[in-house]
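Here are a few notes to read alongside the model.

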Amino acid sequence: MSKNGTILDHNKLFEDDKYVWQRERKREFENACPEEEVLQTAAYTRSREYLDKNFERQAVVVNPAKACQPLGAVMAALGFEKTLPFIHGSQGCAAYFRSHFARHFKEPVPAVSSSMTEDGAVFGGMRNLIDGLETSIALYKPAMIAMSTTCMAEVIGDDLSAFIGNARKEGVLPEGMPIPFANTPSFSGSHITGYDNMLKAILGYLYERSDERSIAAAGGKQLNVLLGFEPYTGNFAELKRLLELFGAEYTVLGDHSENFDSGADGSYAYYYGGTRLADVPTAAKAKGSLALQKYSLRKTIAYMEEAWGQRIQAMHTPLGIGATDRLLEAIAGLTGKPIPQSLLAERARTVDALTDSHNYLHGKRVAMAGDPDLLLGLIGFCLELGMEPVHIVCSNGDSEFEQEARLLLDASPYGAEAKVHVGRDLWHMRSLLFNEPVDLAVGSSHLKYAAKEAGVPLLRIGFPIFDRHHLQRYPVIGYQGALNLLTMFVNTVLEQLDGQAPAHSFDLVR
């Protein structure tokens with residue numbers, strides 16, 4: 001609060017004299033480097049010489065564009081009805097996952113932890129796990145508990161199968177309660193690996209413990225759909241709309257959209273929506289499955305193909321016209337139904353919109369960072385617009401992703417300058433932005449610091465988005481998603497043009 005009683009936000013508050021004084025005294029106490037030396041070092045880190053040193057580092061990762069495995073496992077668990085994510089590890093890890101999701105989706109996130117401490121690290125966490133299961137069932141009354149691990153449990157080698165078996169022997173678990181589990185060490189893989197491991201565990205557990213005769217009698221719906229580690233609740237709504245326009249019968253395997261987008265009606269529940277547990281075994285009898293993130297569903301796809309004998313169409317996130325065309329063709333092929341005329345009309349309107357904005361986006365140089373499936377979708381979308389992807393950083397990518405991205409880029413003249421950086425982080429991206437400038441940056445909120453320092457506008461796409469609200473509610477897939485992305489891209493460019501325009505060129509119409 002200021003001297004005259006006005007309530008200030010933090011930007012103004014910390015300009016007050018007393019805070020300026022505190023910062024100066026703190027610098028003296030810490031024996032900080034002289035300001036001139038700080039500025040010189042900062043300038044050096046923007047140089048070409050530093051870029052070369054930066055790309056030589058092997059042992060240190062700075063601000064990777066990924067999260068850890070158990071975070072993805074929590075999202076997978078919340079895709080099923082009345083399912084409680086149970087994290088076997090420390091309380092701090094569980095708080096990190098919950099806060100990460102809560103900041104992105106602006107929703108509370110139900111998840112529990114075995115709360116291991118130093119004793120658990122020395123003697124093992126079985127007692128924590130069994131007591132935690134008993135407490136969770138008494139308080140939260142889940143229909144299923146989906147268990148994942150963190151670093152501590154993995155390093156000491158806790159055996160989840162044995163621990164859960166001991167909990168059943170002690171009578172802690174109700175008869176028949178499903179407890180699928182996945183090993184999700186935080187020190188390997190990423191959030192998409194953890195999502196995949198947990199989803200495979202859930203589908204396998206529910207299918208393999210079901211009655212095969214009842215499955216055969218019930219049959220399956222036409223189509224299963226899997227969206228993968230999906231940070232856009234709007235994408236679930238959009239895909240369901242497309243399927244319903246086809247008149248398709250479908251099951252979404254892992255539908256976390258309602259848990260991350262519940263309403264405010266004056267009451268709170270722990271669980272919202274999700275795939276019905278009973279629908280999982282019968283999903284094995286569907287005609288086929290459609291996977292919208294092939295890199296975040298690798299193990300799940302392999303399991304469904306082998307154990308279910310399922311025909312699976314796998315693709316990357318369908319962003320833009322061409323990718324949506326392929327999505328609709330896949331749905332038509334799996335269901336035997338023609339593409340609805342209303343979607344063809346929707347496609348035409350979106351193409352018209354892209355044409356309207358083409359002159360402002362053509363030739364714009366773009367840097368992007370994110371997950372493999374999202375990046376492939378973004379590359380395709382940019383190439384359709386005549387934009388030029390230049391820097392593509394994928395912290396959790398691999399050689400297969402790199403090869404696919406390269407093939408996509410090489411098929412267009414607009415991809416000629418692009419470089420794909422697999423296993424690199426956002427500190428690498430910072431060096432690239434200073435030394436090989438671009439017009440736009442695309443990525444999560446974590447990219448904002450490098451983009452702002454380099455003077456590049458940031459389009460916030462992907463996960464996590466902490467510093468903007470409601471973007472996750474808008475679809476980015478399908479023709480409607482392409483229109484949403486186009487709106488973000490072109491209006492960012494127009495805003496930049498207005499900001500740079502002199503008084504005599506401050507146009508009213510563009």
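The points below take up a few places in turn.

1. A word on the basis: this is a predicted model, where local features need pLDDT of at least 70, side-chain atom pairs count only at pLDDT 80 or more, and totals for chains, interfaces and linings use all residues. Residues are numbered from 1 along each chain as its sequence is written, and side-chain values use heavy atoms, leaving out hydrogens and water.

2. Have a look at helix α20 (residues 426-435), where seven of the 10 residues are buried. Buried means under 20% relative accessible area (1.4 Å probe, protein chains only). Among them are His 428, Met 429 and Arg 430. The cover over the buried residues of α20 includes α3 (35-44), α4 (48-56) and β10 (388-394). Helices (H or I, at least four residues) and strands (E, at least two) are DSSP runs, numbered from the N terminus.

3. At the start of α20, a side-chain oxygen of Asp 425 comes to within 3.0 Å of the backbone nitrogen of Trp 427.

4. Ser 136 sits in helix α8 (residues 126-140) and is buried, with a relative accessible area of 4%. Beyond its neighbours within four places in sequence, Ser 136 has contacts (heavy atoms within 4.5 Å) that include Leu 84, Phe 86 and Pro 142.

5. By contrast, Val 155 in helix α9 (residues 151-156) is exposed (over 50%), at 62% relative accessible area.

6. UniProt, in an unreviewed entry, lists residues 6-54 as "domain: Nitrogenase molybdenum-iron protein beta chain N-terminal"; such annotations may be inferred rather than shown by experiment. In the model this span is 71% helix and 0% strand, with its end C-alpha atoms 46 Å apart.

How values were computed. Polar contact = N/O pair within 3.5 Å; in protein donor to acceptor, adjacent residues only side chain to side chain.
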